[in-house]
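Me: I have a structure open here and want to talk through a few spots in it. Can we start with the strands?

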Amino acid sequence: MPDAAKTILETIPEELPLLPIRDIVVFPSMALPLSVGRERSIRALEASMASHHYIFLVTQKRVQVDDPQAADLYMTGTVCELLQMVKMPDGTMKILVEGIQRAALKNYTHLLEKNYVQAAIEVIPEDTAKDVEVEAYMRQSIQLFDQYVKLNGRIPLEVLNSLPLISEPGKLADTLAGHLVLKTPDKQKLLETASPIARFERIVEILSGEIEILNVERRIQSRVRTQIEKSQKEYYLTEQMKAIQKELRQKDDFAKEIAELKIKIREAKMTPEATEAAEKECARLEKMMPYSPEATVVRTYLDWMVALPWTNRTKDNLEIKDAEKILNDEHFGLEKAKERILEYLSVLKLVKKIKGPIICFVGPPGVGKTSLARSVANALGRNFVRISLGGVRDEAEIRGHRRTYIGSLPGRIIQSMRKSKSKNPVFLLDEIDKMGSDWRGDPTAALLEVLDPEQNHNFGDHYLDVGFDLSEVLFITTANTLYTIPPTLQDRLEIIRFAGYTETEKVGIAKGFIIPKQVKEHGLSEEQFKISDEVLRVVIRDYTQEAGVRSLERNIAKICRKVSRVMAENSENKFPILDEKTIRKYLGIPEYHRENRVQNDVGVSTGLAWTEHGGELLSIEVNSMKGKGKLTLTGKLGGVMQESAQAAVSYVRSISKKLSVKNGFFQEKDFHIHVPEGAVPKDGPSAGIAIGTAMASLCSGKPVKKDLAMTGEITLRGNVLPIGGLKEKVLAAHREGVKTVLFPEANIKDLEEIPKEVLDGLKMIPVKHMDQVLKHALNI
């Protein structure tokens, strides 16, 4: 602050006579004449002239009040210097004042003996600092004021010429504010704004608006002036009206759009909360410029609100037999999943309205999880929507983006609800186990609200900012594994496991579903594509290795293409006979050789593993060489599997006498445990007894029995602990030609889930301790 300004501020007393003024606001650095007629105001002027010549001017809130009290005055005014005072013949005073500094009214004291009001004030200091931003505001304000003066024509050019000479930001802002034609409350707000930058922002906004209005007025006058040829007043008014209507034509279209939106809001039958929010935004839109960015954001928001199915529902098909027929016609097997859907439908038929369950189909690829969800929608007579969550890392994908910028959208849940056009669709969340998380948030945490029947009746999307009811939605999720799904999310899911198909089931699926579909897609008929069950089994055994049927479908499609080509090239319309020889010619060299998978020998055993793709056979190889008792583990084993291997080795060392191992054997040898294939990651505890058996076989020199596989976790005491995924592992063993399977005794209960035809082809031996394992595997 300059020294001169500091000196002036120091001379201003803390209490000054108060002069209320009507319909005008005095700014600092502004000199203007006033006419004063109220007795109390005249006494205040006399008191000021008799002492320091300073007086505090405050604007009244209401002009009609003759005896204003503290509540009738604004709390911010201007300390002015009383330059001149002349008494008129009628008793009034003519004065000339100059604004010095803005100040706040702290206290209001009526001096009865002197008949005027004394005000206790607090001077508001002015920020005189200048930087690049302030300089930019000063230049822009002067440029806009220059345009305003030229368009307005009522402000003297001398005022415009004096502005570049003002170097203080606050003084320039106050000078500009004093010459603007504004309503008293708007001018008072400028006076109450202490920051020069904030005042400049408001001044720039006001000047821009005034310039736009003056330009419109000039255009209207220009159009009218060029069209007038007659001097009659009526003709002039008519032409002027035409020009005004032409200028406002675009506003008429905007008004129609607003009216249509209001009708849509009423017809959408939203919740009271949503209706209030939509009407509020519609009222805001009505006050905006039609093509402003903010209007675009509001318009998009309202479009989403009116398009959502707040009350629309599809009528459920409550005929249990019809629904069961649809499920059976479209899918083979999958009895548990079908039974659960029919139970839901039965309860819905009895109680009419229930909260939608959250079902999770877990199983390897190609077993029909996604297609079954679509069949559920067909069976219930509901709309079907699907979103894939694989690779989703941003929480906003679920909850939506906040409406802070142009282009923000609701989350994929709300987007899909709009596509479904009903409040109660079947909603498939595919690949829920493949979501990730990063600095943008954790989408699995956002799903906790979506998939909780106690919370999703008021789901909060960030974009909508109002609750949306998801309680009537039948959510179905799919996953290949549960390991990557957080426990808190698993707790909200009703898990139904899909195991792999047996060979017989694959033959049934191929004949009932895959072949008719592929024959139709390739332009063939059933007569032209006849294939026996035995040939289908050849395709399944030699050209596929999977729990599902996707590879089988690809191979059948390949055979169909070969047949289609033969038919297209053959003018006699003869079709080939699809025997084993023809199939091998079409499909080429077999990709899999079942007889070579189980290679049990001395130091080699076969374990059973569960993967995301179903059950698999795991070959365990152990070798020894001269050394000092070092143990090497290879085959890209995970931490759990490495510890399981170490526990198995420790157990075998503890029973060395039983295995007739000579003293010093473990100290003189190095041992290497390898689990092919080396490039495939492996983990889990269920290979423990297989590793222990291979190690015991090597130490004892006895080979592991042929066609035998095993699964189970081992402890240091030799106990065999239960494992998961027994059904998938047993199906894999049956698929690979294994004859005998050793499994934990605690898993006997899981045998009920395994198809009878599989159990009939296998010898299932429950074991509780490694002694039993070694007895069956090595005859020890």
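Predicted model: local features only at pLDDT ≥ 70, side-chain atom pairs only at ≥ 80, totals over all residues.

Me: How do S8 and strand S9 pair, and over how many bridges?
Reply: S8 and strand S9, residues 426-430, run in the parallel sense and share 5 bridges.

Me: Which side chains of S8 are buried?
Reply: Val-385 and Ile-387, which point to one face.

Me: What is the strand order in the open sheet?
Reply: The order is S8-S9-S12-S7-S13, 5 strands with parallel pairing.

Me: Which strands stand at the edges?
Reply: Strand S8 (384-388) and strand S13 (494-497). Each has a single partner strand, so one side of each has no neighbour in the sheet.

Me: And what does the twist average?
Reply: The average is 20 degrees from one strand to the next.

Me: What holds strands of a sheet together in general?
Reply: Strands pair through backbone hydrogen bonds, either parallel or antiparallel.

Me: Where is Ser-422?
Reply: Ser-422 is in the loop between helix H16 (412-420) and S9.

Me: Buried or exposed?
Reply: Ser-422 has 1% relative accessibility, so it counts as buried.

Me: What does its side chain make a polar contact with?
Reply: The side chain of Ser-422 makes that contact with the side chain of Asn-383, at 3.2 Å.

Me: New topic, pockets. What volume does the second largest pocket have?
Reply: About 590 Å³. The lining of this second largest pocket consists of 23 residues.

Me: Which of those lie nearest its centre?
Reply: His-331, Gly-368, Ser-371, Val-549 and Glu-553.

Me: Which elements give two or more residues to that lining?
Reply: Helix H14 (369-380), helix H19 (503-521) and helix H21 (550-569). H19 gives the most, with 4 residues.

Me: How does the lining of the second largest pocket divide by class?
Reply: There are 9 nonpolar, 7 polar and 7 charged residues in that lining.

Me: How many cavities of 30 Å³ or more does the structure hold?
Reply: The structure has 2 cavities of that size. The volume of the largest cavity is about 40 Å³, and the second largest cavity has about 30 Å³ of space.

Me: What lines the largest cavity?
Reply: The lining residues include Ile-21, Val-25, Val-26, Leu-57, Gln-188 and Leu-191. Also among them are Val-58, Thr-59, Thr-76, Gly-77 and Thr-78. Strand S3 (54-59), strand S4 (76-87) and helix H6 (184-192) are the elements that give two or more residues to this lining.

Me: How many charged residues are in the lining of the largest cavity?
Reply: None are charged; the lining has 6 nonpolar and 5 polar residues.

Me: And which residues line the second largest cavity?
Reply: Val-362, Gly-363, Pro-364, Arg-497, Phe-498, Trp-610 and Glu-728. By class, that lining has 4 nonpolar, 1 polar and 2 charged residues.

Me: Where is Lys-269, and where is Asp-465?
Reply: Lys-269 is in the loop between helix H9 (249-268) and helix H10 (272-286). Asp-465 is in the loop between strand S10 (459-460) and strand S11 (467-468).

Me: Is Lys-269 buried or exposed, and what about Asp-465?
Reply: Lys-269 counts as exposed, because its relative accessibility is 58%. Asp-465 is exposed too, with a relative accessible area of 57%.

Me: Last one. Where is Ala-31?
Reply: Ala-31 is in strand S2, residues 31-36. At 52% relative accessibility, Ala-31 counts as exposed.

Me: What separates the C-alpha atoms of Ala-31 and Cys-80?
Reply: The separation between those C-alpha atoms is 9.0 Å, with Ala-31 and Cys-80 lying 49 residues apart along the chain.

Notes: Residues numbered from 1 in each chain as written. Heavy atoms only, no water. 1 Å grid on protein atoms, 1.4 Å probe; cavity = no way out; pocket = protein on both sides within 12 Å on 5 of 7 lines; lining within 4 Å. Points joined across faces, edges and corners; volume = space filled by probe spheres on them. Nonpolar A, V, L, I, M, F, W, Y, C, P; charged D, E, K, R; others polar. Pairing = 2+ DSSP bridges. Axes fitted to C-alpha atoms, helices over the stretch in contact; angles between N-to-C directions. Buried < 20%, exposed > 50% of the residue type's maximum accessible area, 1.4 Å probe, protein only. Polar contact = N/O pair within 3.5 Å; in protein donor to acceptor, adjacent residues only side chain to side chain.
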